[in-house]
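Hello,

Here is the structure I promised to pass on to you. Have a look at it first, and then read my notes below.

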Amino acid sequence: MIGRIAIGALLAVASTGVACAADPRYPNWPCAQAKVPEISLAAVWAGPPLDDVQDKWKEDPKISALVEKLAARRTPLDDAQKAITDFLAASAADKTTAGKLLFAGLFDSLNAQRSSVMNGIERVSRKQREAAEKIRADTLALQALQNASSPDQAKVDELGNTLLWETRIFEDRQRVVRFVCEVPTTIDQRLFALGRTIQQEME
Amino acid sequence: MWRHCLLSGTVLWLAAAAPASAFMAFVSNEKGNTVSVIDTDSWTVTKTIKVGQRPRGIEFTRDGKFVMVAVGDDDTIQVIDAKKQEVVDTLPSGPDPELFTQDAAGKIMYVANENDNTVTVIDLEKRARIGDVQVGVEPEGMTISPDGKILINTSETTNMAHFIDTSTRQIVANVLVDARPRFAEFKHDGSELWVSSEIGGTVSIVDPVKHVVTGKVSFNIPGLRSEAIQPVGIGMTKDDKTAFVALGPANRIAVVDAVNHKVTKYLLVGQRVWHMAFTPDEKYLLVTNGVSNDVSVIDVAAQKVIKTIQVGELPWGVTIAPQ
């Protein structure tokens, strides 16, 4: 009974549930937003070149602690921008170097954060594809059981139940993916806003 | 800001023409389905007006009383009363209106309808549709020559700028430009037409009499892939000496010497910068940044970004009350 009701819905999930990748270069990318693997420095920074600072921000405990705080999305943007203003005002003598180090740190950290989110999205997308295939196979199996001349009701119920759970988990994950797809853009926006504050303070 | 106007002798006439208040800028938020009103004195959003679906093209009527906004997904143009700051009327258009332009007198309006390859002609006084012009596939950019005789419409798919005689409403010339022309702007003296190409990454300079491309503005930002440079909006100072070009996902406005067509400076503004408008005194230029959901304010004389204002979701166009 459970199985019979669910079948139509399950088939629909299995056939359309996994979003088709729009960009052939990234077959596992499920988001409507285009995948941009890395933020390029020039798109977010018009300040002095950062070639001479590279990884040096990690060596300065004060700066690396601030980078960690600013990069964390739980820190409200307004608070983060104020922290930048305060920090750079306090390093008046060497504002340019401090600003460069701070931005280099944010650029590295937020780009890394973004990559790990995007890898996660692709991992879930691959799992979802496997789950969709499993649902499809189980649905066909259930149909076969139901169509048998003398159906084994216990088996039908059991498989029907399994299918319901599989579908529920699948749909929950789909909703999460849609939400998580916004995260790389949120990180882009954060990096840009923080970089803009640093540049304004450096001028 | 207004204090400055009163103190400055050259713009004293403004005091007679307007009440003692700052300018008002109206920004269309494509995804938020709202229009943000910015006070250019305090540089804050003073009101958010709910409008139809997908507002894009936005422009004040010439008398400054109304703001018209194309709400593409509702297939219409809404009219906002600038004083009441609410939608009071709608104008007819074709399907999916995106951008429009008006003649110098503010009597006739031309609307580019992206979906049916036409430009709709509207009588603004009667608020009625009085005709259509067949143009190229996916009409986009719209502008009118300073003498009002020629309407320019760019077509996204055919990569052409169509020259339309406003009296006969017939196409009199087509000029091929670079890929996906998005926006067109005349010099105030009518000597040049500038057309931005989003995919081509250039601005073509067109001779409006001979109908030929006479030059091109190209852009180069070290460290940025060329495909990230997507010119869209163009703003020209009244003396025709300086132009500002919005470069989309390059997050920059290019400052261009409008005489020799060379870029003199790039200003980092916000993410995916799209369209722009000058304040009537030309002291400031406001540009919309779609991805960072804000508007940047540029000091025109200093060529510097002085302010960022958060607006609604996906800001697209901006218009500022005339004086």
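This is a predicted model: local features need pLDDT of at least 70, side-chain atom pairs count only at pLDDT 80 or more; totals for chains, interfaces and linings use all residues.

**Around Ile253(B)**

Residues are numbered from 1 along each chain as its sequence is written, while chains are lettered from A and ligands numbered from 1 in the order in which they are written.

Ile253(B) and Leu286(B) touch the most other members of the largest nonpolar core, which has 121 residues. Such a core is a set of buried Ala, Val, Leu, Ile, Met, Phe, Trp, Tyr and Cys residues joined through C-beta atoms within 7 Å; buried means that 20 or more other C-beta atoms lie within 10 Å of the residue's own. Helix 5 of chain A (residues 95-147) gives this core its largest share, eight residues. A second, separate core of seven residues includes Ala131(A) and Phe170(A).

Chain A has seven helices and zero strands (DSSP runs: H or I of at least four residues for helices, E of at least two for strands). Of its 203 residues, 30% are buried.

Finally, where the chains meet, eleven residues of chain A and 15 residues of chain B take part. Helix 7 of chain A provides six residues, the largest share of the chain A side.

Best wishes

How values were computed
Two residues are in contact if their C-beta atoms, placed from the backbone, lie within 7 Å. A residue is buried if 20 or more other C-beta atoms lie within 10 Å of its own, exposed if 12 or fewer, and partly exposed in between; C-beta atoms are placed from the backbone.
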